[in-house]
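Hi everyone, thanks for coming. Please have a look at the model on the screen while I talk you through it.

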Amino acid sequence: MWNNLDYIQRLRKKELICGLIFLPIYIFVLPLAVGLVSYDLLGLFGIYPTEAKVTLLYYFVSLIIVLIIMGTYLKESFFTFIRRLGGSIYTVFVGYFVYAALLYAVSLLVSSLVTQQSPNPNNEAVLDLLRQNSKAMTLSSVILAPIVEESLFGGVIFAPLLKKNRLLAYALSFLIFAFYHLWQYMIDGISTDFFVYLLQYLPGSIVLCWTYERSGTIWSPILLHSLINGAAVSAIRSFG
């Protein structure tokens, strides 16, 4: 299974092209467009949604677009997930425990390298949004975001590169995945903490890519991503 790269389900050429076009739109353009519609246009009618609801709208619109351009891939990959159900579920649980171990190792490394580090701004933003509207953010984080992000970062970036260069596939997937979560906080400049924040996304990126490679279906990392986000949301709601 490890060396049989044909075992991995990939996007068709047309789906891949559409995904490559949509990816930068998803990262840079869509957040601004959804924000413009939500705050400026709706504000003209006296409607002022919370930031949590705007985030939910962003992921909902993204999911609709992903389903339009990658619907066949997601459907076929889901059937593959069902056919390989035992192995797919196994990779999800192994991936989750490996993620927990890697996250602990990274946290130890970070604490040894940085004595006074400010909190990850993306994590702080999620905490604020959960306080605004926990239901909207739970739906965004646990259901919508995993499908959208794994379809784009796993299906569009990781899988096509895997057959050409495995190390490059993992490295580029990690960098784009981390950059997506942090780029808006780079506008005012890049500090030493920024590279620490990047490192914090390494465990998740590695295990999500590994789960895809091992199971051959995108729905395994989608499920794992959902579990990781669900555990984080539960922890934030309990202790945040």
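I'll go through aromatic rings, then a helix, then a serine.

A quick word on the ground rules: this is a predicted model, where local features need pLDDT of at least 70, side-chain atom pairs count only at pLDDT 80 or more, and totals for chains, interfaces and linings use all residues. Residues are numbered from 1 along each chain as its sequence is written, and side-chain values use heavy atoms, with hydrogens and water left out.

Let's start with the rings. How many aromatic pairs does the structure hold? There are 16 aromatic pairs. Rings of Phe, Tyr and Trp (its six-membered ring) pair if their centres lie within 6.5 Å; planes under 30 degrees apart are stacked, over 60 edge-to-face, and the rest tilted. Take Y96 and Y99: their ring centres are 6.5 Å apart and the planes meet at 45°, so this pair is tilted. Both sit in helix α3 (residues 85–113), three residues apart, which separates them by about one helical turn. Helices here are DSSP runs (H or I, at least four residues), numbered from the N terminus.

Buried means under 20% relative accessible area, exposed over 50%, and partly exposed in between, using a 1.4 Å probe and protein chains only.

Another tilted pair is F158 with Y212, 6.2 Å from centre to centre and 45° between planes. This one links distant parts of the chain: F158 is in helix α5 (residues 134–162) and Y212 in helix α8 (residues 202–215), 54 residues apart. Both F158 and Y212 are buried. Ring pairs also join residues into a cluster, including F22, Y26, F153 and Y201.

Now over to helix α4 (residues 121–132). Its twelve residues reach 17 Å from first C-alpha to last, close to the 16 Å expected at 1.5 Å a residue; that expected span is 1.5 Å times one less than the number of residues. Which residues of α4 are buried? They are N122, L127, L129 and L130. These four cover an arc of only 165° around the axis, which puts them on the same side of α4. The arc uses the directions from the helix axis to the C-beta atoms.

Last stop: S77, in helix α2 (residues 51–83). S77 is buried, with 0% relative accessible area. Beyond its neighbours within four places in sequence, S77 is in contact (heavy atoms within 4.5 Å) with Q9, T217, I218 and W219.

Conventions:
Helix = DSSP H or I, 4+ residues; strand = E, 2+ residues; numbered from the N terminus.
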